Amino acid sequence: MNQWLLKPWRAAFFTVLLVWLDQLTKELAIRYLKGQDPFVIWDGVFELRYLENHGAAFGIFQGQRVFFLFMGLAVFAAGVYLFLKMSKDAKFFPLRLIGIFVVAGAWGNMLDRFRLSYVVDFLYFRLIDFPIFNVADIYVSVSVAVLALLIFFYYKDEDLQGLLVKKTNEEDGA
């Protein structure tokens, strides 16, 4: 699997697949949860509850579509840049996956904002009264948590120094 994601078109395909999965779950939420009582999975713990979120995480930045467009484009540009410049060393495979999931999550929610003017949220942990979220939010949140763990416990400073491939004199045409 490590080598599979080294080709940009394969990473793009995987990203599109993740965005499609996110959009599918949101379409199902609209179809089966909108206007309905919550669907209880585990009483008092977890349920599916439809919510139209006009802001970002936890409802901040309500109605800021232009801001979200620029943020989505920035995440996409950074993800593509890092993917293309990142070392192909196998030890950076987790970072490639994280980048793909973050880009997919950002684009999944951005598609909602521009298609619907809000983000569809539907996953709710009642036990801890956690804000309602969606699959794209999981992509981003889990990726950021894994990234933090990798930086603190797996990668050494010298690993991160070698993250981006530097051009040699031969590549520069010198």
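## Overall picture

Of the 174 residues in the chain, 34% count as buried. The model is a predicted one. The chain holds six helices and three strands. Read along the sequence, their pattern is α-β-β-α-α-β-α-α-α.

Contacts can also be sorted by separation in sequence. Among those between residues at least 6 apart, 70% join residues at least 24 apart.

## Where α1 meets α3

Helix α1 covers residues 8–33, and helix α3 covers residues 93–116. Their axes come within 9 Å. They cross at roughly 45 degrees. The crossing of α1 past α3 is right-handed.

From α1, the residues in contact include A11, F14, L18 and I30. From α3, they include L97, F101, W107 and D112. By class, this contact has 13 nonpolar, four polar and five charged residues.

## Around H54

H54 sits in the loop between β2 (46–53) and α2 (65–85). Is H54 buried, exposed or partly exposed? Its relative accessible area is 36%. Buried means under 20% and exposed means over 50%, so H54 is partly exposed.

A polar atom of the H54 side chain lies 3.2 Å from the backbone oxygen of S117. H54 and D112 are 58 residues apart along the chain, with their C-alpha atoms separated by 9.9 Å. D112 is also one of the α3 residues that meet α1.

Definitions and conventions:
Residues numbered from 1 in each chain as written. Predicted model: local features only at pLDDT ≥ 70, side-chain atom pairs only at ≥ 80, totals over all residues. Heavy atoms only, no water. Helix = DSSP H or I, 4+ residues; strand = E, 2+ residues; numbered from the N terminus. Buried < 20%, exposed > 50% of the residue type's maximum accessible area, 1.4 Å probe, protein only. Polar contact = N/O pair within 3.5 Å; in protein donor to acceptor, adjacent residues only side chain to side chain. Axes fitted to C-alpha atoms, helices over the stretch in contact; angles between N-to-C directions. Left-handed = near helix turned anticlockwise from the far one by under 90°. Contact = heavy atoms within 4.5 Å. Nonpolar A, V, L, I, M, F, W, Y, C, P; charged D, E, K, R; others polar.
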